[in-house]
Each structure stands twice: as C-alpha cells, then as structure tokens.
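User: I am new to this structure. Please answer some questions about it, one at a time.

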Number of protein chains: 2
Amino acid sequence: MARPTPLSGFPEWLPEGRVVEQAVLDTLRRTFELHGFAGIETRAVEPLDQLLRKGETSKEVYVLRRLQAEDEGADSGLGLHFDLTVPFARYVLEHSGKLHFPFRRYQIQKVWRGERPQDGRFREFYQADIDVVGDGELAFHHEVEVAVVVAAGFAALGELGVPSARLLVNNRALAEGLYRGLGLEDVEAVLRCIDKLAKIGPEATAELLGTEAGASAEQAAACLELAGISAGEGAALRSAVEEVAARRGIAEEPFREGLERLAELVDAVNARVPGVASADLSIARGLDYYTGSVFETVLEGHEDLGSICSGGRYDALASDGSRSYPGVGLSFGVSRIVSRLLGAGLVSATRSVPSAVLVAVTDEETRAASEAVASALRSRGIPCEVAPSAAKFGKQIRHADRRGIPFVWFCGAGEDGSDQVKDIRSGEQLAADAGEWSPPSEDLWPRTVRA
Amino acid sequence: MARPTPLSGFPEWLPEGRVVEQAVLDTLRRTFELHGFAGIETRAVEPLDQLLRKGETSKEVYVLRRLQAEDEGADSGLGLHFDLTVPFARYVLEHSGKLHFPFRRYQIQKVWRGERPQDGRFREFYQADIDVVGDGELAFHHEVEVAVVVAAGFAALGELGVPSARLLVNNRALAEGLYRGLGLEDVEAVLRCIDKLAKIGPEATAELLGTEAGASAEQAAACLELAGISAGEGAALRSAVEEVAARRGIAEEPFREGLERLAELVDAVNARVPGVASADLSIARGLDYYTGSVFETVLEGHEDLGSICSGGRYDALASDGSRSYPGVGLSFGVSRIVSRLLGAGLVSATRSVPSAVLVAVTDEETRAASEAVASALRSRGIPCEVAPSAAKFGKQIRHADRRGIPFVWFCGAGEDGSDQVKDIRSGEQLAADAGEWSPPSEDLWPRTVRA
C-alpha cells in the first residue's frame, strides 16, 4: 500500500511526543489521586437520546453503524461521547445505589466531536475531568476543592515545562445579583453578550447589550464596568464590586452571598498555589446550566489557545425524577495542551524509549549473557533492552544514541573480565555489577524537560 | 430521566473494579517499559478501506457517521479499529522515516467489534499489545523476546491474584515441514481442521481432514498424532517429533529449523519464568499470515475463556511496495481477564478510593486546619481527603469505613493539643504529626488482593 497520510483532527504522536503526553496524563492522575479522587472509565458510546438532550451539540456527534447490520436499522442508536460529563451523569444514575456520596471521581479518556478541525481543536482528543457530585445536596467547599485540585494540577504540570496557568473564576449568583440590580431581567442574555467582549470589544458589546438584553446606554456602560472587574484577592474584589455597585445604585443584598463565595474561593486557591487564581467578572461561559462558581483557565503566553480547563457548579448534574445530584467539576483539555507543548517546541522528552540501558551483544553465541544482565537490571526496576544484533560496538552505541538511551553495558569488557557500563554522553566507562549498579535517578525513566 | 440500564457488550466497572483494571493495566505497562518497549497510541479510527483489507472481519466494524453531515455522504469513510495491529501497521508505514528499527512498541487501548456479546467477549474492550517490527528483516531472537515479555507480564499479574497462565507455542515452519512431509500439500487446510480439534474431537477432525485437506485415513491419523504432541522442554519436544516423524516416514530436513526454533523458544522462556511455556502442535491460529512462532495463552482453571493472549510472527506486518516490515507480537485481552477476575470474584481492591487517610473536620470554622493537614500529607505523597461535613466523629469514621479508607486523622485531639491518627481497622489511635507520619507502605495506595 502507499504511504498513508494523517487524518486532519485526529492527532497522533511519535514515541517522543507520546512520552510527553503520557507524562501529562500521569501527572494529572497522580494529582487527582493524591486528592482522593477515584478513577473511573465509562464506555465510549452512549445512546443517542442521551447525547442529544442538549440540542446545541447534536451536530458534533459521531453515530455508529455496524457495517453489515442487515438485521437492524441502519444506525445502532449509539454515538461516541463528545465529553465526559454526559457519560458521568448517566453512570451516577445507573450506579447510584452502589456509589458513596459525595462521590469524587476523575476520568481521563478520549472524546470525539465531528467538528471542523482547527489549531487546538480536534475530532478525537483527551479530556481529564474531576467532579464531586452529591446526593441531593453539595456543600460550597467542594467548589473550592475542585479549584484547588486544578491549581495543584497546573503546579505539577509546571514542573514538566507547561507554562503557568491562570484560573479565572466568576460566580453565577454574583452576576445575577449585579445585573438584576441594574434593572436587567434577562441575565442570560446579558451574559451571552458579555461572553463576546474579548472577541468583539466594548463598543460592539454595548450595542449588543442594547439589542439583545434591552439595556439602556447607561445600563450597558455599567455592565461593561462590572465585566471589567478582575482581582487576585478577595479584599480587592470586594471593594471593587462594592464601589461600582454603590455608584450604580445596585442593592447589596442580592449579590452579597455570591461575592463572598467568589472572594473566599480566590483566596483559598491562592493560599495553596500563590497567584494562580483571579476573580474575573467577564467569565460568562455556559452560564445557562451553571449555578455557582464558573471557571476558565488560560496558559500564560498562550491565551490564543482559549480556555484549557473549564467547568463550574451545576445544581442538577443528573436527576432521576425523585432525586437530584448537584455537582461541581472541571475538565482539562489534555490534547489541546499537549499539542501546543509539542507544536511550539516548549518541552521535549529526554529519550524516545523507556530503556535507561542498552546491553550490548558481543556475539550471537553470548546473547544469553547479555539477556541475563538485562534480567538482573529489570529485577531491580531498571528499564533496559538488549542490542538487536552483535554489530560492531560503535554501531551498537549509535543504536543507543539515536534513541537517547544514556548507558551502554558491555559484558566482560574489563581486563579482569568484569562488566563495564558507559555513559555515552560523557564517554565515561566504569566497571559495574548488574546486581548493584543503578543509573542516576534522573536517568532512570524518560522525562519531559523544557526545550 | 429513568435509571439507565447497562449496554450489553460494553463493560463498565464500579470504582473498586476500576482499581483492579487499573492495576492490571499499570502492571502490563510497567513490564513492557522495563523491557524497553516504547508506548504509543493511535487514533481510534481508521479509513474503512484499511479496516476491510482482511475481508473476514468486515462484519465486525463500526462505521462512523456525523449526525448532521449534510455536506458529505452518509458515512465518514471511517470506522473504529477492531484491533491494534491494523492501526500499528498503518502507523509504521506513515512514520517509517521517523522511527528507529527494529521498533519495539507497546500499545494499550480500547478496541471495538460489533459482535454478538458473550461471556468474555465484548463490543468494547481493552487490548494491550507488544510488537517488534523490523525494516526488511527481523531476527528470530525477537520471537523469543516477545514471549519472554509476555511470560514476565503474567508473572507480574500473578502477584495481583491473576491465576497462572500457560503459554502454548507452535511454529509455522515446523507444521509446514511435517504436514508436507506426510504428503499433504494444502497445509492451510490441514491447519484449519486441526484448529477445530479441541472443539469437535479427534474423530470429527479426522473426517474433516479427509474432506477438507484430502487426507487419507493414515495421513489423518498421522496429523492427529502430531497435533497431540505437547512438551514443556526442548529436548522432550525434539524426541517426540523425531519419533513420530521417523515412524511416519517424514524427512527431517524440511521441519528441522522450525523444530529447533520452537525448542529454543520454549527453553528460553522457561529459563526466565519456569514452567510457563509449552510447545503444543495443536495450536494453529491464523496461520494464514503467521510465518514463524505462533502463540496462545490460557489461564489455568479458566480454559473456558479461550486464549487471553495470542499472536505470532508475520513476515509482512506492513509493506509499502518497496519495503516490507516483518514483525512479531502478542496481544493481551485485558478486558477478558479483568471481567473474569471480577465476575468470578478472584480478586478484590483493598478500597474504592485512593485516599489512605480521611482528615476529620471538627467544625466548619476549622475546616482550613484539616485542609492544611491534608496538604502536608499530600506534599509527602500520601493520598488523602478531607471529610465532607463536620458531622459527629462516628459518622466521619463510617464515611471512611464505607470507602475502605484505613486511617482517620483528628486535628488537635490529643490532651496536649497534638493531632492523632486512628487505624479504624484495629481502633488504635496515636499521636501524629502531618509532617512526619506515614501509613505502612501496603496501605499507601489501593491494592488488588486475592479474594
């Protein structure tokens, strides 16, 4: 067959790139687990009626059909999930009798959307979600908790070379209190307009507020003034909001609880990861089903990527008629992050294979001796491989070098017949015993480093 | 919405079950990486023409259609992959210029088949594959290598409570030499008949050999005699084959190389993991494209599951006309193994959440103190969670107990105001400092244990 070509929107990495992706996935998993979140996986498919409950996303769904399904209708009635929230809501309802609430779970899986591919936007991509879901009720401190976990996740990713993240937070109750206080009843319309602010600018947004939300010029100006509030500390947030509210004649009571929660959340997150979180009243995402905190995250210097971790509080993640399950959660756009890391050359892998050591083969008759060395190293947790052929040692060293393997092991190379190991970066070659020698810990496994 | 019901053939686990599945996946990944295999992932979809190159599996493919694809034909021309070999072959061709050969990779992903679900047979399931692929040539020792890795994988899985595995090996060159030596030219037909032996018994197989492979009664008897050969050591295999061959008048030369390779492989694998491998001349799987070693694996006491790890050597994993890429590999049926482990109650998880510690909350005003303890524990790699409410301590202990969390931490509970930690299994409660205390290592993370 001819050489295949890539499919647009379905990213795939070479082994070095996969080392980076795997490091990101492992780092998030470890962060989630350290915070006590249980890992689950759901099947990749859901019944179409589940996937289409929110009409707006219906065009993105991939429907499955068995190729030779003569005995049934053309479609299987199943589609690939386009996020991890819809399947999680179904999982909670299906297994509610066997789960312990509040249920704290993480879920790292591929999702599929039949959208037009763009930079950072794929048809198949990894999401990494955390959610806390309650049975009937869910305390506010869980909204703080998920934000802290996300901040800890980005702090850990920073050690891999991922740029700093800024977590931008708003609160639906605060927004509602403020906009109603200005005399605007259609809060969702206001938020839809505010959502466009970054794209279309203040003048066009003011005009839109007039036509879409019925705002007077003065109301529109007040909305823009509020949306411009951003603060990295609770105290600064309080005084900024109170000053505008007093000047614009907005009563305090309706927005007070939302303001306090937003201030508390920002301070709590920054206490754990200093400077990572800001209150930002222009954040308006999907506020039609969020009911408390809402989150977006941008990578510093990579704001063009858009939000790479978003979510919020919803009072009805799932409901079975008699019981309702409120939740709060965020979703990391792993593929969007990884594709930027690799595409912009921000990080690289220290090698393309797990092996820390290539055990050289002197001749095919003594391959078993090389295998025995490899076995001894592996039994002590040292990843290694045996050379594929008894080529000249120079060629075996090139085999290691091309893959980034730092050490080459030579059986019986010492004058006294002892083994020797060579660091092919420095050229240093020393006597070594496979039962005792270890590589420096930073060489044990492939790592992701700033490029 | 009403409580959803499971979809047949799409297995999903509760958090405890996912701990077991994750342990199996982590164990295989670690084994593969210790042996220097590089991890890759391929997209879930392939062009239909790629998936349908082998006609026999075409009915199993799920085809994708974008739900609202008005601008293109009904189907996207893409289907979900039904194994990891077809995508790997495509990956090798697509990226051949950027890979280093021999290329040793592992790949752990879900695959999909629109088959009728049965016990141990799913529509969505995990496979874990290893393959070594060469550019133009691939030495025999890689056939030994992949078998050793698989044996090491099952040895490691045994520590989780997976029953012992038996790796059954045959060699295509040996089979071909023997059956041709009997005067049977249509070796593939013979092997298709032998493949049915375990199911239909020797008499029906003999009859089939006559009608399908043109065997005389004597030739059929000889085939059955050969297929009955099984040996756990190279020497025993050699003498058994040579004895039958001599008695049946089969010339040695055509089968000698295959016999030596099979004997060498079985001895090499057993030298690493004693007793795990047997030569078994009844193993005949997919011999139409395998050209050297072929493998099946059964779990002892669970032979009804069928093979849970299969593969072999093929001289053309991929070919682009000018170059051909021979390979050898095996595929673990992870979901088949995990579903038996859970379904038969062979293993269980020590807890359903990662947390080793629940940090109790005395009252909501001091939640921050409990959070600080949790932070200190996490910074030393100890997974923990903070109680969701300041309920009575008895209720908080029940919260831990229901999830299997072994330790509950009480802030300032000592007479001197120091913290205390309680092992809720023994009831023992001791003074502890969050900057120093660690749980016993066997309690640090959830483990999988024999039930």
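User: Strands S11 and S12 of chain B pair with each other; which residue in S12(B) is the bridge partner of B:Gly312?
Analyst: S11 (residues 309-319) and S12 (residues 324-333) of chain B are joined by 8 bridges in the antiparallel sense, where helices (H or I, at least four residues) and strands (E, at least two) are DSSP runs numbered from the N terminus, and two strands pair if DSSP finds at least two bridges between them. The model is predicted: local features need pLDDT of at least 70, side-chain atom pairs count only at pLDDT 80 or more, totals for chains, interfaces and linings use all residues, and side-chain values use heavy atoms, with hydrogens and water left out. Residues are numbered from 1 along each chain as its sequence is written, while chains are lettered from A and ligands numbered from 1 in the order in which they are written. Within S12(B), B:Gly312 has as its bridge partner B:Gly329.

User: Which strands stand at the edges of the open sheet of chain B?
Analyst: The sheet has 9 strands with mixed pairing, in the order S1-S5-S6-S12-S11-S10-S7-S9-S8. Two of its strands have a single partner strand each, so one side of each is left without a neighbour in the sheet; these are S1 (38-39) and S8 (230-231) of chain B.

User: How many residues of strand S17 of chain B are buried?
Analyst: Buried means under 20% relative accessible area, exposed over 50% and partly exposed in between, with a 1.4 Å probe and protein chains only. One face of S17(B) holds B:Asp419, B:Val421 and B:Asp423, the other B:Gln420 and B:Lys422, and these are all buried. For the strand, residues 419-423, the count is therefore 5 of 5 under that cut-off.

User: Which residue takes a positive phi in the hairpin of S17(B) and S18(B)?
Analyst: The hairpin has 5 residues between the strands. The positive phi is near 85° and belongs to B:Gly427.

User: What is the omega of the cis peptide bond that joins A:Phe101 and A:Pro102?
Analyst: A:Pro102 sits in the loop between helix H3 (85-95) and strand S5 (103-112) of chain A. In chain B, the bond from B:Phe101 to B:Pro102 is also cis, with omega near -5°, and B:Pro102 lies in the loop between H3 (85-95) and S5 (103-112) of that chain. For the bond of chain A, omega is about -5°.

User: Is B:His142 buried or exposed?
Analyst: B:His142 is part of helix H4 (residues 141-158) of chain B, and its side chain makes a polar contact of 2.8 Å with that of B:Glu145. A polar contact is a pair of N or O atoms within 3.5 Å; within protein, one must be able to donate a hydrogen and the other to accept it, and residues adjacent in sequence count only if both atoms are side-chain atoms. Leaving aside neighbours within four places in sequence, B:His142 is in contact (heavy atoms within 4.5 Å) with A:Pro388, B:Pro102, B:Val132 and B:Val328. Its relative accessible area is 3%, so B:His142 is buried.

User: Which helices of chain A do the buried residues of H5(A) pack against?
Analyst: In H5 (residues 172-181) of chain A, the buried residues are A:Arg172, A:Leu174, A:Ala175, A:Gly177, A:Leu178 and A:Tyr179. At the start of H5(A), a side-chain oxygen of A:Asn171 comes within 2.8 Å of the backbone nitrogen of A:Ala173, and just after the helix A:Gly183 has a positive phi of about 90°. The buried residues pack against strand S7 (165-171) as well as helices H6 (187-194), H8 (217-227), H9 (234-248) and H10 (253-272).

User: How far is B:Pro446 from B:Thr350 in space, C-alpha to C-alpha?
Analyst: B:Pro446 is in the loop between helix H14 (441-444) and strand S19 (448-450) of chain B. Not counting residues up to four places away in sequence, B:Pro446 touches B:Val19, B:Thr350, B:Arg351, B:Val353 and B:Pro354. B:Pro446 and B:Thr350 are 96 residues apart in sequence, and their C-alpha distance is 5.5 Å.

User: What share of the residues of chain A count as buried?
Analyst: Chain A has 14 helices and 19 strands, and its C-alpha trace spans about 90 × 60 × 45 Å along its principal axes. Of the contacts in chain A with a separation of 6 or more, 68% are between residues 24 or more positions apart. Among the 451 residues of chain A, the buried share is 59%.
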